[in-house]
Amino acid sequence: MTFKKTLLGAVLGCTVSLGAIAEEQVLNIYNWSDYISPEAVSRFEKETGIRVNYDVYDSNEVLEAKLMSGRSGYDLVVPSAFFMERQIQAGIYAEVDRDQLSNYGNLDGQLLKTVARNDPDNVHGVPYTWGTTGIGYNVDLVRERVGDMPIDSWDLIFKPELAAKVADCGLAVLDSPAEVVALALNYLGLDPNSEDKADLDKAEALLASVQPHIKYFHSSQYISDLANGEICVALGYNGDVLQAQDRAASAGQGVEIGYSIPKEGSLAWFDLMAIPADAPHPEAAHKFINFVLQPEVAAGISNFVYYAVANTQAQPLLNDDVRSNPGVYPSEDVKATLFAQNAHTAKFDRLLTRAWVRVKTGR
Amino acid sequence: MNTISPSAPLATGRWRPSLQWLQGRLQVGRGLVASVPTLWLGLFFLIPFAVVLKISLAETAIAVPPYSALFDWDGAVANLSLNLGNYRFLFEDSLYLDAYLNSIKVAAISTLITLIVAYPMAFMIARSSPGRRVVLLSLVILPFWTSFLLRVYAWMGFLKKNGIINDLLLSLGIIDQPLTMLQTDFAVYLGIIYTYLPFMILPLYSTLEKLDDSLLEAAEDLGCRPLQRFWLVIVPLSLPGIVAGCLLVFIPAVGEFVIPALLGSSDTLMIGRVLWDEFFLNRDWPMASAVAILMLFFLVVPIMLLRNAQGRKEEAA
């Protein structure tokens, strides 16, 4: 169910891109939903005179399918690093020309090194933001059901007794087999990047044991549902949960949303700006990347989307509630518990998807 | 070519179309009329079908596009490699059969309920005065003016926990706990029935409208009670409309993807969902194509046989 916004985006996007005029300079961006501050786009348009067509998706799979069909027409896309690994092998990305990126030096060298495991030598991608996968929860509704225990463990989702307690107020899980299975493996004390069939079976058994308590699997629906009390627990992305927190606070209905990176450790993921090999306007794409690398633009995006930017110069410009938010910029201790994902082989992907379908459909 | 050129008869000075010329014209016209649907079918069905069939016989590859080529030319030898493994796999794994059977179940139940809901509506419309008929028919068609996707989203607003229906029932004191309606099978059936209702009403209306009143009067004169008259006269006469409407609802409902994905729960296993997973999660375009081809085969072939049998029966009668 990872396509709701994508469908809507595609519908809206089509109407926009049809209106493109030949002489005008255009940049076609395809980015995650709710993933940029609107000011950033309008400011870029004003400064450069390039008109931006902005489409959104909410899953790596949808992005990959579009790019793999070829001639997507997009100039700039933002895949996650572990998805990008295989896409690079398929040759769908152009190399990024660092000579056109005067602000490249603002990037955090440590983070570039981490990302290089998926994108060797950082040739094809420029870090956009990074984040974690964790537990978003409605503080009051969860406390009513599990008492005053701290929400700092995956037990809340992966232990059937606890999951059962929050089932009636709504438990949502990302519809992303690779990530959720990696988290389940990690919870079981196994290697999250394992491709061993026996390990996968164990993860499947764990997920199947909590499946009856899960309301739905979806990768973006939980943002608004968490904010308006439709669900009370979500296995989701940090920035999305914090956006829900923000929306709930501004709605003033007294809904308080918390985010926790469980102590067993969790996934860190990195989204990279990349230029498809067949992009019609690669220069405009470079201009946009360089624009985003400016400290004040990067800080503006981070302040708006509640995801961390890999821009060292942007740190002083962040709002206090973002910089000091452990959900956005976790402490070094918490960072040490995070792990990254590798791309899976096609054979393992098939096993994974099959296991995922069995889990979701409860058979 | 001469026969279609009007210049020959015109050259005589007095324009008098010869019989031969007229016949030629007619033939060309007939050919033209027949060629439009043929062209349409070829362009929008057969060519895409051939492409999908081709992909279903390939193997996955990490490339753009992500499958192997069927033809391979190394300068001297042409190789044709057909991979039937995808089809074999479909029969080995029970998931596909389960999904297919469940899709048929959901589609069949929805079709039946749609028929039950649509029949009285179509009957009413057909029996009302011509002026009202236009209004009622346009009301049936009116929802098409908004995007189907937006209408399904609207249903989400109605059905969700803090949605319009729950708010209304709560404020009226009919319930004290919000009902769970979204992400249930109920919501899927509701969505399908709502969406496809016009496709059932319109063919039913067109047969019911032609219903000859004198036949009903005759039935009454011969002693039929109203219910009998309905079963013995009206239903058999509207059978073509019922069959057409049911097919128009059933066929797209089997492959329905958007409605179960938006309104259904994750355990609603339907073939459209399996296709999506094959394509997007496994990135296995050949397997996804094989699923699509087999679905078409198992769905369309029985229906075509049914139609043929029916056609023959009608001819015999």
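**Notebook: salt bridges and a helix pair**

I began in helix H16 (residues 332–337) of chain A, where Glu332(A) and Lys335(A) are three residues apart and therefore separated by about one helical turn. Helices here are DSSP runs of H or I with at least four residues, numbered from the N terminus.

A note on the source: this is a predicted model, in which local features need pLDDT of at least 70 and side-chain atom pairs count only at pLDDT 80 or more, while totals for chains, interfaces and linings use all residues. Residues are numbered from 1 along each chain as its sequence is written, chains are lettered from A and ligands numbered from 1 in the order in which they are written, and side-chain values use heavy atoms, with hydrogens and water left out.

**Entry 1: the H16 pair**

I found a salt bridge between Glu332(A) and Lys335(A), with the closest N and O atoms 3.6 Å apart. The term needs a side-chain nitrogen of Lys or Arg within 4 Å of a carboxyl oxygen of Asp or Glu. I then looked up accessibility: Glu332(A) is exposed, at a relative accessible area of 58%, and Lys335(A) is partly exposed, at 34%. The cut-offs are under 20% for buried, over 50% for exposed and partly exposed in between, using a 1.4 Å probe and protein chains only.

**Entry 2: across the chains**

Next I turned to Arg350(A), which forms a salt bridge with Glu278(B), the closest N and O atoms being 2.9 Å apart. Arg350(A) lies in helix H17 (residues 346–361) of chain A and Glu278(B) in helix H13 (residues 271–281) of chain B, so this pair joins two chains. Arg350(A) is buried at 17% relative accessible area, and Glu278(B) is buried at 1%. I followed the links onward to a network of salt bridges made of Arg350(A), Arg354(A), Asp93(B), Glu278(B) and Asp284(B).

**Entry 3: again in H13 of chain B**

Arg273(B) forms a salt bridge with Asp277(B), and I noted 3.4 Å between the closest N and O atoms. They sit four residues apart in helix H13 of chain B, and so about one helical turn separates them. Both Arg273(B) and Asp277(B) are buried. Over all chains, I noted 27 salt bridges.

**Entry 4: two packed helices**

Last, I looked at helix H4 (residues 94–127) and helix H8 (residues 185–209), both of chain B, which pack at an angle of about 45° with axes 6 Å apart. That angle makes H4(B) oblique to H8(B); under 35 degrees counts as roughly parallel, over 145 as roughly antiparallel, 65 to 115 as roughly perpendicular and the rest as oblique. The contact residues of H4(B) with H8(B) divide into 23 nonpolar, three polar and three charged. Nonpolar covers Ala, Val, Leu, Ile, Met, Phe, Trp, Tyr, Cys and Pro, charged covers Asp, Glu, Lys and Arg, and the others, Gly among them, are polar.

Technical notes:
Axes fitted to C-alpha atoms, helices over the stretch in contact; angles between N-to-C directions.
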